[in-house]
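Student: Please take me through the labels used for this model. I want the rule behind each one.

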Amino acid sequence: MGKLINNGIRLDGRRVDELRPYKLEVGVLKNADGSAYIELGKNKIIVAVYGPKEVHPKHIALPDRCVIRCRYHMSPFSTDVRKTPAPSRREIEISKVIREALEPTILVEEYPRTAIDIFLEVLQSDGGSRCAGITAAALALADAGISMCDLVVACAAGKVDGTMVLDLSDIEDKEGEADMPVAVMPNLGIITLLQLDGILTHEEFKQGIDLALEGCRRLHEAQRKALMDRYFKTAPNQEVE
Amino acid sequence: MAAAKKSFIMEHLRKAHMIELLAKGRRLDGRELLDYRPIEIKCNIIQKANGSAQVNLGNTQVIAGVKIEVGAPFPDTPDKGLLVVNAEILPLASPYAEPGPPDEEAIELSRVVDRGVRESGMIDLSKLVLIPGQKVRAVFVDVSVLNVDGNLIDATSYAVVSALMTTKMPVLEVSEGGGIVEKAEYIPLPFSTIPVSVTFARIGDSLIVDPDSEEESVMDARITLTTVEGGHLCAGQKGLAGGLTYEQIMFAAETAKIKGQEIREVIKKAVASVG
């Protein structure tokens with residue numbers, strides 16, 4: 001038996017197909033047009049959406065659609081060792097993949113010559129912060145009233161001690177063999193983010209995607225619930241499934 | 001700092017209305033001139049930090065986190081640890097905040113708060129020395145502003161002080177070779193007094209405390225005064241292009257002492273509640 005999984009139980013007590021405890025909340029910031037907060041394991045991430053709004057600098061505006069801008073940033077106190085506040089190469093890449101994971105769902109043609117800004121701030125980091133960030137960002141977009149064809153939800157799967165597991169924690173991500181974040185538009189079934197770090201067989205790859213999609217399905221339920229809590233609280237008699 | 005711009009005409013009407021009200025000793029949100037908005041302080045919210053606190057001052061929301069590292073002292077103060085206070089107004093905090101390096105407003109914010117903590121002597125930096133001239137503890141206090149609604153200086157200051165008061169640092173031992181060994185035990189960061197800043201805005205002839213965004217958008221001058229326990233002043237900063245009279249400054253100093261003591265009790269309570 002490896003040191004990360006013992007008799008099918010992981011270091012934090014989870015089974016291989018279990019998510020860490022999570023909490024989702026919509027509408028947490030007053031100034032933002034839309035906002036959301038997620039906790040997933042030790043991750044604590046707050047997301048704000050501003051827009052659609054005028055584009056500065058003007059020359060990046062597009063005549064037939066909006067531009068989407070995304071910034072993933074970690075607070076200096078979010079990590080074990082203090083992170084300098086200036087954006088790192090890692091944060092810049094993650095900002096890009098998050099933007100590209102969210103963009104397919106936004107009906108960009110409805111907002112010509114405008115910009116939509118998505119800001120993700122990691123207040124405390126754990127494994128899988130980009131996935132948690134995407135899950136919250138989709139809620140913030142919905143909260144901002146942006147037209148979308150679906151939500152987006154993300155979850156990672158990976159290989160730890162030779163076993164495929166769902167939702168890697170910090171230590172599993174660092175010590176494990178492979179990590180594979182996946183984002184999906186849950187109702188359309190279209191995958192909008194896929195990254196892979198590490199070696200997997202074809203069989204493991206398929207297993208990993210299936211696991212990640214199952215995690216996404218559960219998180220999507222939580223997303224729906226968070227939106228319901230925010231927008232349907234005033235109508236207690238209304239039956240929602 | 002500008003207030004929410006919905007309509008240009010409405011904005012002017014509200015400003016005129018605000019000034020009219022202030023002349024009668026009242027404010028748009030119903031507060032008296034020397035009332036703070038509700039102060040909510042939650043400590044130890046970031047487990048990965050050595051100390052942390054979130055402060056909500058009305059709709060202004062800030063989070064401070066403390067990280068303690070080992071670093072080299074400044075050559076001119078070989079017998080003192082390092083204290084660095086850094087605040088960032090995150091782009092998610094306001095429609096007017098931009099991503100990028102801190103602007104002049106954010107730098108003033110960091111420096112005014114830093115001065116209050118440093119000059120109060122709250123943290124005895126000489127107790128943070130491991131090997132004089134070579135290795136000292138470096139205390140980084142980083143502040144992320146999450147939502148801007150005026151008076152960032154006070155919100156940041158209370159968050160920084162509360163985070164420092166809840167900070168636990170690892171016990172360090174200097175081995176014979178001059179290496180640093182980290183123990184599994186944690187001790188509180190030694191602090192003595194609690195510095196509390198009180199920020200005033202002058203609008204016309206009225207002096208108010210804790211201005212919100214809307215009030216800041218019309219204020220003529222701003223002054224922040226920080227007191228230590230017992231009421232002595234330890235730091236101050238006047239801001240903006242307008243001036244203040246001698247009487248206004250004396251009034252502010254006296255008020256900073258009284259309000260400071262009230263807020264000090266709020267901070268103590270919040271810190272005590274997390275043990």
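Tutor: Start with pairing: two strands pair if DSSP finds at least two bridges between them. Strands are DSSP runs of E, at least two residues, and helices are runs of H or I, at least four, both numbered from the N terminus. The model is predicted: local features need pLDDT of at least 70, side-chain atom pairs count only at pLDDT 80 or more, and totals for chains, interfaces and linings use all residues. Residues are numbered from 1 along each chain as its sequence is written, with chains lettered from A and ligands numbered from 1 in the order in which they are written.

Student: What makes β7 (168-174) and β8 (180-188) of chain B a pair?

Tutor: Six bridges join them, and they run antiparallel. The rule asks for at least two, so they pair. One bridge links B:Met169 to B:Ile187 in β8(B). Five residues lie between the strands of this hairpin, and B:Gly178 has a positive phi near 90 degrees.

Student: Why are β3 (22-26) and β6 (67-74) of chain A said to stand at the edges?

Tutor: The open sheet runs β3-β4-β5-β7-β6 in chain A, with mixed pairing. β3 and β6 each have a single partner strand, so one side of each lacks a neighbour in the sheet.

Student: How do you know that the span of α3 (152-165) of chain B agrees with that of a helix?

Tutor: The expected span is 1.5 Å times one less than the number of residues. For 14 residues that gives 20 Å, and the end C-alpha atoms of α3(B) are 20 Å apart, so the two agree.

Student: Why is α3(B) called mostly covered?

Tutor: A residue is buried if 20 or more other C-beta atoms, placed from the backbone, lie within 10 Å of its own, exposed if 12 or fewer, and partly exposed in between. In α3(B), 14 of 14 residues are buried.

Student: What makes a nonpolar core, and which residues have the most contacts inside the largest?

Tutor: A core is a set of buried Ala, Val, Leu, Ile, Met, Phe, Trp, Tyr and Cys residues joined through C-beta atoms within 7 Å. The largest has 133 residues, and those with the most contacts inside it include A:Ala137 and B:Ala159.

Student: Which residues does A:Ala137 contact, leaving aside neighbours within four places in sequence?

Tutor: Contact means C-beta atoms, placed from the backbone, within 7 Å. By that rule A:Ala137 contacts A:Val47, A:Ile98, A:Leu102, A:Ile118 and A:Leu120.

Notes
Two residues are in contact if their C-beta atoms, placed from the backbone, lie within 7 Å.
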